[in-house]
There are 2 protein chains.
Amino acid sequence: MSIQLRRQVDQPLYLQAADQLRTKIETGELAAHARLPASRVLAKKLGVNRITIVNAYAELEAEGLVVTRVGSGTFVAGRPDSNSSETITDQPALWRGGPPRRHWNANQMFAEMMRMARQPGVISFSVGTPASEFLPVNEFRRAINDVLRRDGAAALQYEEAAGYLPLRNMIADYLEQKHIEVTGDDILITAGCQQALNMALRVLTRGRDNVLIVEDPCYLGLLDIITAQRITPVGVPLDEDGLRIDRLEQLILRHRPQLIYVIPSFHNPTGITMPLERRRELVDIAAHYGVPILEDTSYDELRYVGKALPSLKSLDTADIVLHAGGFSKTLVPGIRIGYLVAPPALRDRMIASKQTADILTSPLNQRALHTYLQTGHFADHLQQVRLAYRERLEAMLAAIEQYFPAEARWQRPDGGMYIWVEMPPDGPTATNLYLMAINYNVAFAIGSVFSASGSFPHALRLNFTTHPPAEIEEGIRRLGKAWKELLARQDSSLQPNRRSAVPIL
Amino acid sequence: MSIQLRRQVDQPLYLQAADQLRTKIETGELAAHARLPASRVLAKKLGVNRITIVNAYAELEAEGLVVTRVGSGTFVAGRPDSNSSETITDQPALWRGGPPRRHWNANQMFAEMMRMARQPGVISFSVGTPASEFLPVNEFRRAINDVLRRDGAAALQYEEAAGYLPLRNMIADYLEQKHIEVTGDDILITAGCQQALNMALRVLTRGRDNVLIVEDPCYLGLLDIITAQRITPVGVPLDEDGLRIDRLEQLILRHRPQLIYVIPSFHNPTGITMPLERRRELVDIAAHYGVPILEDTSYDELRYVGKALPSLKSLDTADIVLHAGGFSKTLVPGIRIGYLVAPPALRDRMIASKQTADILTSPLNQRALHTYLQTGHFADHLQQVRLAYRERLEAMLAAIEQYFPAEARWQRPDGGMYIWVEMPPDGPTATNLYLMAINYNVAFAIGSVFSASGSFPHALRLNFTTHPPAEIEEGIRRLGKAWKELLARQDSSLQPNRRSAVPIL
């Protein structure tokens, strides 16, 4: 393979290598599923340090052009279709291009996270799922049987797009207990909280000219919606109390945003919870400038220490807050039920948006959830998972303390599923650590994918809910080892690469 | 209530009345849920024929501004919220307006259809649902129990966005039998066929500048997606063999559409099926001009006479056809499972679009469908519903022959769920008939809502699958009576209104 690297030019060697490899992939010189040379081999051939090639491959992987498979190497991404290039030539021009790519988009990250989580022997901290061992399988089975015996065909027919009214009333009662004044009429049932967010953005924004204020970093699935709907995200930095209010006002005045999206409790990915005072300030500023807030409460019930805080919606006297929630994180992801509370004036448009998307959420699943909630088991379930997750959180914090570099920084979360760790800024990036960690059979979520601005190159999001304490300790130990190996390699490789004008790592 | 009608001006009296009532509703002079005067009372007061007021109310109802409730009158639409006008004033400007309205949009029509279908005593021909009495409730219950016993928590967890692979493989096998060459990798599982259509349009079009060619009339849910995504629809007229190919070419050249959407078999709303030759021509023209086709096969399995015809996808050698299907019409709507077959080059973007929308389709429902299909019961089920629906089709055709005016026109469908009837063009409109029919406890779908161009003012879509033959006959008899009453009133009311420059009806 002919690649020419020049140390005299401004561009780092690894980017030169990545550029030339990208061209070969895009022109088909490197076919789909072709195996790239081992980094050690290519590095030797080109007379550069191996880390240069590792970085080049990481860059291409981040772009979705190559995939790394543990133990077998790096391959050009694509499909094992022998005549695929021919097929593509025959296709209309439309088939080719694609939407503008983020550095590593949420879908790719999610696919990678799911892939790694399924690999045998891998301890994956990358997902955002509840622990399978606590899912109330038998209770749901009973609920479904009860529903089908009771309702028969009605549970399998079309019904109202807004959702099954008894479930909406039940959710309204639950929200009333949390001082949100609603009735079942105010609730739209959605296919998980993700769809609630999607509906809200679809109704409230109008594409390219629109600006959405998000926390930086932000939930990946929301960034995905933003990309799909061509909304411009503006990130507000966080401090230990969440979204920085002192920055918010000037951003509102400068960008005139359509919406502010926020996860006030146990934020994904940072685990941060906004204290009451900050919540009040946020709602006040939004009301003052007439900017709606979309509040995501997916993790609210997963509190392990301290007392519950009021939701933004319960503090909202100006009817400026849209309130989204769901049962995927706290109960079961697989029934796909979430909900959205929107101001009355928006309700019809939200229902219309739901119907346009997929007509209605499965009435069977809605009724099963309703019947399950009626049994009162949910409270016991929450009690059980809170205890277990808290133990896992402590196990992970202890292991991080023990195995991570002393310069790493993190904040103890009061609940949720994630610890956000900032590794030393002068060390390897999280992407590099990820690629090294794969060799140690451990995975995590790379922090920068959660950033609309591509910031946080050294941050990791670590999920602590899916593995028991002993596995958590083992996984963090492996991650510490991967870090040390990478650091050792970086130290030994920095010398020859110092010639580049821009640092390689 | 002060309303001034002037016979000297060009605008018909009923539109003058509608305009003035609309203003009163929009300014709040007529509050939400206020009861409008009975048409007879208002007509007397204004010195016009009652049909003028009926028409004015029908116009406002079509705009969603008022609702008619059987036996109790016409009311201003809205919400029984005593301080609602105050609330709205406090809301950001964003809350107010709305997306551009079609004459009577699909969501309103659907809501009305569902509402009427639920009224006790109403025989509704307006829905597109399978008959509840044939839904295989117990077979599904067994399948769900089998899945939860076998897979446990895995059936309630997150999994691949593209769908449960064994189900995708099973659908691929089914399509292979229909001469479509696919593997499970080519199948995206969606929340019903509606979501498959939504994903396809989202990936293939880019909003306002885009043109989509549709049959005129067209499936309502598709028109809804078009409105939401601000796509410009261009309607192609149909003849008795479906979409008129002789018109297609010039429309492609003039509008350079992004996509052609078509239901080749048992078209919704007309029931028309494209013969083989027409299918070949359509695929050839699309391939020639490089315009993708989105084929909706929702009704394909509901054939009552004749032999199955090849799908467009099975005739497609240029990989230009996207193929969407689902189980809502043929099996059960309530599990919300559909699928999309897209060319390989589009697959990743389709999966990304699905994930952005709602992460994944319920894995429990996917597995339940897979397990149900494994039992082989689906073939028996189809056999059963085909026999029943055929009998119902015959009952409806016979009743139409007997009770409808001799000048009405319709085409016998070979399958599906609908008969499309064109009432005499010089008689009352379908909207007027609908409003009269409500008094006779019978409902249908108004033909013009299926038209991107607002055509077919005299057409009715009649569903024949949801009622047994005796109820079908009774419903059609009532519809015939409503027609005759309306016609009698029209005749007696035409005289005094002839003065208007534009005919009132």
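Modeller: In chain A, the centres of domain 1 and domain 3, taken over C-alpha atoms, are separated by 40 Å. This is a predicted model, in which local features need pLDDT of at least 70, side-chain atom pairs count only at pLDDT 80 or more, and totals for chains, interfaces and linings use all residues. Residues are numbered from 1 along each chain as its sequence is written, while chains are lettered from A and ligands numbered from 1 in the order in which they are written.

Biologist: Which domains does the assignment of chain A give?

Modeller: Domain bounds come from an automatic or database domain assignment. For chain A these are domain 1 (13-98), domain 2 (107-128 + 380-497) and domain 3 (137-375).

Biologist: How do I read the order of the strands in the sheet of chain A?

Modeller: Strands of a sheet pair through backbone hydrogen bonds, either parallel or antiparallel. Helices (H or I, at least four residues) and strands (E, at least two) are DSSP runs, numbered from the N terminus. Two strands pair if DSSP finds at least two bridges between them. Here, 8 strands of chain A form an open sheet with mixed pairing, in the order 4-11-10-9-8-5-6-7. Strand 4 (187-190) and strand 7 (242-243) of chain A are the edge strands, each pairing on one side only.

Biologist: How many bridges join strand 6 of chain A to strand 7 of chain A?

Modeller: Strand 6 (residues 232-239) of chain A runs antiparallel to strand 7 of chain A, and 2 bridges join them. In one of these strands, strand 7 of chain A, A:G242 is the bridge partner of A:D239.

Biologist: What angle do helix 8 of chain B and helix 12 of chain B make?

Modeller: Axes are lines fitted to C-alpha atoms, for helices over the stretch in contact, and angles run from 0 to 180 degrees between N-to-C directions. Helix 8 (residues 192-204) and helix 12 (residues 344-358) of chain B pack at about 120 degrees, with their axes 9 Å apart. These two helices of chain B are therefore oblique to each other (angles under 35 degrees count as roughly parallel, over 145 as roughly antiparallel, 65 to 115 as roughly perpendicular and the rest as oblique).

Biologist: Which residues make the contact?

Modeller: Two residues are in contact if their C-beta atoms, placed from the backbone, lie within 7 Å. Helix 8 of chain B contributes B:Q195, B:M199, B:R202 and B:V203. From helix 12 of chain B come residues including B:L346, B:R349 and B:M350.
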